[in-house]
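Hi,

Here is the structure I promised to pass on. Have a look at it first, and then read on for what turned up.

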Amino acid sequence: MPSSRPLAALAGFILASLMPMAAQAQTANWQPSEQIKTYAISGSSGIELYRSIGERGPQAGVQAVAHTTFKLTWRRDYRPQPDGACILATARPNLTIIYTWPKAPAKLPADVAASWQRFIAGVEKHERVHGEHILGMVKKIEAYSVGLRAEDDPKCQKVRAVLQQRLKELSDEQRQRGRDFDKVELTNGGAVHQLILALVNGP
């Protein structure tokens, strides 16, 4: 389902004097955290559960069964150099991936409960792919950031501008990956489409 990925907006323009050193970047070890949110639905059959999802599901540009978003902050160490350049020496992310999906009533008929478990397991699997896309984007940002250098930049303004440009590019790339993935999964015959059909047409 669609995911939301807010990042810093495009800032400034790339100057010829900027010389990124992504190939020399040394990234630090870190792990993202995870947050799972649920919204309650009602019903005692597959079709009733799915109708409740339609009534209560998250808005992510469109009505969705589930949703993946994130919170991302950075600790960056910009270091002016004796020759007037500026280097981004370290960039450490603090990433929380946030999943939202439905929670069915605790007591369902046994056959409905089994059908629901298959459905929600597939939904979670789908959303975690979005989570992997987000993590991949953050690692690309980290790799690009560490060692980024701008000449004639004693106030570290040029290096910030080129970084913002790259953030925009990587954010756009990740959003497109999410849209492409959803298109495959949600169209006729796709994995999520099949999950929905099985739930709705089941017990």
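By a nonpolar core I mean a set of buried Ala, Val, Leu, Ile, Met, Phe, Trp, Tyr and Cys residues joined through side-chain atoms within 4.5 Å. Keep in mind that this is a predicted model.

With that in hand, the largest such core has 43 residues, and the members touching the most others are Leu95, Trp116 and Phe119. Two or more residues each come from α1, β3 (67–80), β4 (86–103), α2 (110–145), α3 (158–186) and α4 (191–201). Helix α2 gives the largest share, 10 residues. Leaving aside residues up to four places away in sequence, phenylalanine 119 is in contact with Ile53, Val65, Leu195, Ile196 and Leu199. As a rule, nonpolar side chains in soluble globular proteins tend to be buried together.

Now the overall layout. The chain has four helices and five strands, in the order β-β-α-β-β-α-β-α-α from the N terminus. Of its 203 residues, 44% are buried. Among contacts with a separation of 6 or more, 76% are between residues 24 or more positions apart. The accessible surface is about 10,800 Å², and carbon and sulfur atoms account for 53% of that.

On to the charged pairs: the whole structure holds eight salt bridges. One of them joins arginine 128 to glutamate 34, with the closest N and O atoms 2.7 Å apart. Because arginine 128 sits in helix α2 and glutamate 34 in strand β2 (residues 33–40), this pair ties together parts 94 residues apart in sequence. Arginine 128 is partly exposed at 29% relative accessible area, and glutamate 34 is partly exposed at 48%.

Another one to look at is aspartate 83 with arginine 149, where the closest N and O atoms are 2.7 Å apart. Aspartate 83 is in the loop between β3 and β4, while arginine 149 is in strand β5 (residues 149–150), so the pair links distant parts of the chain, 66 residues apart. Salt bridges with shared partners join Asp83, Arg149 and Glu151 into one network.

There is also a salt bridge between arginine 79 and aspartate 77, again with 2.7 Å between the closest N and O atoms. Arginine 79 is partly exposed at 44% relative accessibility, and aspartate 77 is partly exposed at 26%.

Cheers

Technical notes:
Residues are numbered from 1 along each chain as its sequence is written. This is a predicted model: local features need pLDDT of at least 70, side-chain atom pairs count only at pLDDT 80 or more; totals for chains, interfaces and linings use all residues. Side-chain values use heavy atoms; hydrogens and water are left out. Buried means under 20% relative accessible area, exposed over 50%, partly exposed in between (1.4 Å probe, protein chains only). Contact means heavy atoms within 4.5 Å. Accessible areas come from the Shrake-Rupley method with a 1.4 Å probe; for residues, only the protein chains shown count as cover. A salt bridge is a side-chain nitrogen of Lys or Arg within 4 Å of a carboxyl oxygen of Asp or Glu.
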